[in-house]
Structure formats: structure tokens, C-alpha cells
Amino acid sequence: MDHPIRVAARELGDVLKSVVDVNPAFMDTADKAAALVELAAVESRVAELRLRVCADAGDVAEAAGTRDVGVWAAAETRRRRGECACELRLALALADRPVLAAGVREGRVNLDQARAIAASLADLPSGVDEAVVDEAEAALVAYAATYGPIELRRLGRRILDLVAPEVAEAAEARKLAALEASAHERMRLRIHALGDGTTRISGLIPDASAARLATYLHAFTNPRRDNAPAPAEPVRAVPYGRKTAQAFCDLLEALDPARLPIHGGDATTLVVTISLTSLRERLGTATLGNPAPGESHDRITAAEARRLACTAQIVPAVLGGDSEVLDLGRGRRFFTRAQRRALALRDRECRAEGCQIPAAWCEAHHRDPWSTGGRTDLADGMLLCSHHHHRAHDDRYSTDRLANGDLRFHRRT
């Protein structure tokens, strides 16, 4: 006498044969909709039956000499081995979770939902009482009537908050502590100069630090020109990745060196070395920093060195003949904090024509370049946003001073 499961399989096959030549094109819309839902439920119930047999078919694999029934099924049914392995895992999970298995068997839970629920239950902390796990299982199976697999997975991550809040809080604290400890153990940062004027920065940092960095960068990438007049010519959209990179560079320039740790016996500074001739003639290149053994010198243009000389984060080392140090960050090269506040009160925003970037986001700039005798006083100072500060030190642009003291930029022909 055949086993009832085999009889049911044959009967299902016979029923399906009876409609093999039926064309669904002649069904009305309501019948099609109902059939799709009903067939999906039947499919889930058939799949649950197959998985129920699969979970108890270890002897089939043993008889065939395969590692498990998933490997055997992949060969016999000519399906992907990975798919069969996933089904075996789900079958074993359903064998241990009777409420979930009943939901699949009755067509209330489809296989995708079942996988999400089983994974959520498997992710629960190991110390959780089995009664709490049973409550979580029942709650997620009930949610399957409303939510899909993605939503169920999200609900599963917080299911303890519903069924056992006191357990959830303690488990969450332990999990977060473990994650933070792991993050600090695994964090890395690598800075590699590529030799083409750029440096690749790659790393892995804790979430809290990454969130802080993202917040700081967002302050620089905020749409600062919402209230500015529309440009005369259309402006090409800047990719967000480039905006973020520029924001990172702006953040580094905005750091207050006085608040950084002592480095090499002095406040943390970056030294830019340039010859006096290059500084005055707007030609040549400059060298950044004092590289460590084995590292190459980082080169920048003289124009960029002059722009950096406007900020207090850079100490310029100006060399005359025979590398004689002519100037090493004279005290009056930089605008003081009090002068900076006075400039903010006077200018209120970027002094480039039509730019309304607020003073808090601007940089202090010498109207007359320091390299040509400009003075570090309020009369010679003005605020420019980072964009226009770069333009002011870009040899491709010239400026006109308007009647109100603002600067108008022109591209040199």
C-alpha cells in the first residue's frame, strides 16, 4: 500500500493534468486574481510538504552516499545545489518550529516569509528563554498576514521589544557593547599617495565616528546658494562624491590647530615650503610637510600655497637663496580670532559679487596678497567662501574691486 504522501502527490499531478490544456486567456479579471492568490497558497502548502519530507530524509542521503539530502536533491532534480541547500536549512528550521511550519502548511505563510521568520528567530540571543522564542515565533507568524519578507526581517530584529522588553534591553546592550569592541579592534585607516596629485584614503571606522564625520561633511555640502542670485550661465551639476571630497578637504582646513594634540614638541601644523621668488612671481611649486622616511614629498602649486597662507592652519616656510629661511609663519601673517570675528560682523557673508555664503562658512583672505606686501589688518582683510577663495588664488582668474569693496571674478582669456 502506498504512503498517503505519495498518493497525495499523484493526485495533485492528476488534478494539474486536468487543466494542462486550459487557456487562462478566457478567465475574467476577478477569476485570474483569485487564481493567482489560491495557486500561491497551494504552492506554499506543497512546498511545505516537500520540506517536511526533506527534513526527515537523512537516510536517503546515506543510502546514496551523499553529504546530505540537499546534495542528493540537486543531482536528482537537476536544480542548483545552493538552492537545494537553502531549502534543507529551511526544512530543518521548520521541523523545530511547529507554529511556523503550520503557517506554511496552511498557506498563511509563504516560503520567502518563512525564511525571514526562521532567520529572525535564529538571530535571537542564545540566552533567551525558549518560552520567549515561542512568543516571538507566534507574533511573527501573525505578522505574515500583513507584511512581506523584508518587513518581517525588520520586525524580527526588534521582536523582543514586543514580547519581552526587559530581555530586549539587556540583549541589545550586550550586542552593542560587543559590536563597539569589535569595531575598535577592526578599525583601520590607510593613506596612500598615488603620485598623480591625489591620495587614496581608505579605512574602516566605528559607526559613531562615521556618523560624526558624515554630520560634519553635511554641514559643508548643504546647499549654501539657495538664496543666491541665479548664475548667468548654466552650471554643470557636481557629482555628490566630488562634493563630499571637497567637504572633507574644507573640514581639514577648518580644524583649529590650537586644539590638536602636541606633535613633535609643538602645536600640530603643516609646513608649506616655497621659494621667495616663486611666491612673488606666482610661478613654481611648493612642498607640503616633512615626509617620513620612505615617503615622497607632496607637491602643490604656488597658487595653492598662497591660498593656504591665508589660513592659520598652515605655517609657510619661505626660502631665499641657498635655502635660507626668510619667513617661518610670522605672527602677523594670520588673522587673529578677534580679527576674524570683526570681519564676520563687517562682511556678514562672502564678498564675491552675488555670493551669499554666510560668514561662518567663509575664510579670511588678504585683499593684497601677503607675498606682495599685503598687511594682516581689517582694512586689508575680507571674507571669501571656499569656492571663491580658491578662485582668488587661481591664476586663470582675475578680479575687479567693485564700489562696495566686493570682488568680481573674470576668467582670463
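**Entry 1: a histidine to start with**

In which strand is His410 found? I looked it up and landed in S13, which covers residues 407-411. Before going on, I noted to myself that this is a predicted model.

I then asked how open His410 is. Its relative accessible area is 29%, so I wrote it down as partly exposed.

Leaving out residues up to four places away in sequence, His410 touches Arg396, Tyr397, Ser398 and Asp400. I checked two of these partners further. Tyr397 sits 13 residues from His410 in sequence, with 5.5 Å between their C-alpha atoms.

**Entry 2: stepping back to the whole protein**

I wanted an overview here. The protein has 413 residues, and 31% of them count as buried. I found 17 helices and 13 strands in its secondary structure. I also looked at how far along the chain the contacts reach: taking those between residues at least 6 apart in sequence, 52% join residues at least 24 apart.

**Entry 3: how confident is the prediction?**

The mean pLDDT is 78, and 76% of the residues reach 70 or more. I will read both places with care.

**Entry 4: helix H7**

What caps its N-terminal end? I found Asn110 there, with a side-chain oxygen 3.1 Å from the backbone nitrogen of Asp112.

Then I marked the buried residues of H7: Leu111, Gln113, Ala114, Ala116, Ile117, Ala118, Ser120 and Leu121. The buried residues of H7 pack against several helices, namely H2 (29-55), H5 (81-96), H6 (98-105), H8 (130-143) and H9 (149-157).

S11 runs over residues 381-385, and five of its five residues are buried. My reminder for reading it: in a regular strand the side chains alternate between the two faces of the sheet. Which residues of S11 lie on which side? I put Gly381, Leu383 and Cys385 on one side and Met382 and Leu384 on the other, and both faces are covered.

I looked for a neighbouring strand and found S10, residues 362-366, which is antiparallel to S11 and joined to it by five bridges. One of the pairings is Cys362 with Cys385 of S11.

How many disulfides does the structure hold? I counted zero. I followed up on Cys54, for which the nearest cysteine sulfur is that of Cys84, 8.3 Å away.

I located Arg78 in the loop between H4 (69-77) and H5. Is it buried or exposed? Its relative accessibility is 73%, so I noted Arg78 as exposed.

Arg348 also has a positive phi, about 70 degrees, and is not a glycine either. It belongs to the loop between H16 (337-347) and S10. With a relative accessible area of 62%, Arg348 is exposed.

I finished with Tyr216, which has its place in helix H12, residues 207-221. I noted it as partly exposed, at 40% relative accessibility. What is the separation between the C-alpha atoms of Tyr216 and Ala247? I read off 8.5 Å, for two residues that are 31 apart along the chain.

Conventions: Residues numbered from 1 in each chain as written. Predicted model: local features only at pLDDT ≥ 70, side-chain atom pairs only at ≥ 80, totals over all residues. Heavy atoms only, no water. Disulfide = S-S within 2.5 Å. pLDDT = per-residue confidence, 0-100. Buried < 20%, exposed > 50% of the residue type's maximum accessible area, 1.4 Å probe, protein only. Helix = DSSP H or I, 4+ residues; strand = E, 2+ residues; numbered from the N terminus. Contact = heavy atoms within 4.5 Å. Polar contact = N/O pair within 3.5 Å; in protein donor to acceptor, adjacent residues only side chain to side chain. Pairing = 2+ DSSP bridges.
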